[in-house]
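Here is a short tour of this structure, written to be read with the model open beside you.

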Amino acid sequence: MKKLILALLFAVTPALAAEPIVVHLKGHKFYPSTIKVKANQPSMITLFNDDATADEFDSPSLKVEKVVGGHSKGNIRLRALPPGKYPFMGEFHASTAQGVVIAE
Amino acid sequence: MISALLIVFREVIEAGLIVGIVLAATTGVPLRGRAVALGVGGGLLGACLVAAFAGELANLFEGSGQELFNAAILLLAVAMLTWHNVWMASHGREMARELKAAGHQVVTGERTLTALAIVVGVAVLREGSEVVLFLYGIAAQGGTTATAMVAGGGLGLVAGGLMSGLMYFGLLTIPAGKLFGVTSGLITLLAAGMAAQAVIFLQNGGWLLYFTGTLWDTGWLLKEDSISGKLLHTLVGYSQAPNGAQLIAYLATIVGIVLLMKMVNQRHQTGPRVKHA
């Protein structure tokens, strides 16, 4: 059983989307704040946090919670999404850091 | 200030509830206060380390280090909760019977206390590192707003502590005979929710990408990141839009724990009536 789990974990290499979508967080705002992805296929966002302090990319609808440190970057994998709007926020600065992923 | 309070409170709800449940589950076990305190202390220390090395951690495993780390510590907690429940199912009865034999009690108590201290530590570590980063971030900005924000964050921590107290004293109102059953049930659901969350972290890291389709969406009814959503997320593993893999992990954990508890309980009742030393 353990072997099976390990095999499942590591035989399946991380699924990489063709081109990561680059998003910047600056002054606690996302640029761009509207991100369009193709529906029903996985994609990846590379978030560059240009601010000095950390923030957490948070979205219950995308099922993502990812801390990105100040002046660093993080990859956020999005699963194949049915068409629709998926809001996200920078949890530590939710009043300004808001955005939406649109799958179409 | 209010926003900081809410953010920190939302982050510490999980740890707060878990501490309350663990305290109730170990009623009557000596040294449990020390074990829980060690769990909280160790978790806080770990949280500071994770916060300090957040960047390095994230860069491991082709950028999936943070996800793998979160999944690993959640699964560790699931294992510890399972162990506790199974162990209590096989020994709980004698423990209750021989409650007066103090020497025996210390031995039985310490075993499973270690597991529960680890669970507390994991919960504090996970949520604590985010609180540390958040509070550090606003403190680094300086100024009077920062002072107010940090004060708000402090109040959020206090509110999280009150949550532990509410959970604990709430559970203690349950008659002693039923308390064991209730805490085992709560711990089983806690473990199932954590297993489902671990699957999400693995999927976000690029692993286990099976059954990723959303099964249903109750986000219109209860948002997962609201206070009540977060409460239910911790207690019963509420997810506003679960996918197949999440549900499988959730159900498999419940079935696994219940079966294991039944198995050891039966073996204990049908086996020779030896007195455990």
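The place of Pro32(A) is the loop between S2 and strand S3 (34-37) of chain A, and a cis peptide bond with omega of about -10° joins this proline to Tyr31(A). Please keep in mind that this is a predicted model.

**Chain A at a glance**

- Chain A holds 1 helix and 9 strands.
- Along the sequence, the pattern of chain A reads α-β-β-β-β-β-β-β-β-β.
- Of the 104 residues in chain A, 50% are buried.

**Aromatic residues in chain A**

- Over all chains, the count of aromatic pairs comes to 5.
- In the pair of Phe30(A) and Phe57(A), the ring centres are 6.1 Å apart and the planes stand at 75°; angles over 60 degrees count as edge-to-face, so this pair is edge-to-face.
- Phe30(A) belongs to strand S2 (residues 29-31) of chain A and Phe57(A) to strand S5 (residues 55-59) of chain A, so their pairing ties together parts that are 27 residues apart in sequence.

**A loop proline in chain A**

- Pro82(A) sits in the loop between strand S7 (72-78) and strand S8 (84-90) of chain A.
- With a relative accessible area of 37%, Pro82(A) is partly exposed.
- Gln41(A) is 41 residues away from Pro82(A) along the chain, yet the C-alpha atoms of the two are separated by 8.6 Å.

**Helix packing in chain B**

- Helix H1 (residues 2-25) of chain B packs with helix H6 (residues 143-172) of chain B at an angle of about 25°, and their axes are 7 Å apart.
- Angles under 35 degrees count as roughly parallel, so H1(B) is roughly parallel to H6(B).
- The crossing of H1(B) past H6(B) is right-handed.

**One face of helix H3 in chain B**

- Helix H3 (residues 54-63) of chain B has Ala54(B), Leu57(B), Ala58(B) and Gly63(B) as its buried residues.
- Viewed down the axis of H3(B), these buried residues fall within an arc of 120°, so they line one face of the helix.

**Positive phi values in chain B**

- Most residues other than glycine have a negative phi.
- Leu31(B) is not a glycine, although its phi is positive at about 70°. This leucine, Leu31(B), lies in the loop between H1 and helix H2 (32-52) of chain B. Leu31(B) is partly exposed, its relative accessible area being 37%.
- Glu62(B) also has a positive phi, of about 50°, although it is not a glycine. The place of Glu62(B) is in helix H3 of chain B. At 63% relative accessibility, Glu62(B) counts as exposed, because the value is over 50%.

Notes: Residues are numbered from 1 along each chain as its sequence is written. Chains are lettered from A and ligands numbered from 1 in the order in which they are written. This is a predicted model: local features need pLDDT of at least 70, side-chain atom pairs count only at pLDDT 80 or more; totals for chains, interfaces and linings use all residues. Side-chain values use heavy atoms; hydrogens and water are left out. Buried means under 20% relative accessible area, exposed over 50%, partly exposed in between (1.4 Å probe, protein chains only). Helices (H or I, at least four residues) and strands (E, at least two) are DSSP runs, numbered from the N terminus. The arc is that of the directions from the helix axis to the C-beta atoms. Axes are lines fitted to C-alpha atoms, for helices over the stretch in contact, and angles run from 0 to 180 degrees between N-to-C directions. Angles under 35 degrees count as roughly parallel, over 145 as roughly antiparallel, 65 to 115 as roughly perpendicular and the rest as oblique. A crossing is left-handed if the near helix is turned anticlockwise from the far one by less than a right angle, and right-handed if clockwise. Rings of Phe, Tyr and Trp (its six-membered ring) pair if their centres lie within 6.5 Å; planes under 30 degrees apart count as stacked, over 60 as edge-to-face and the rest as tilted.
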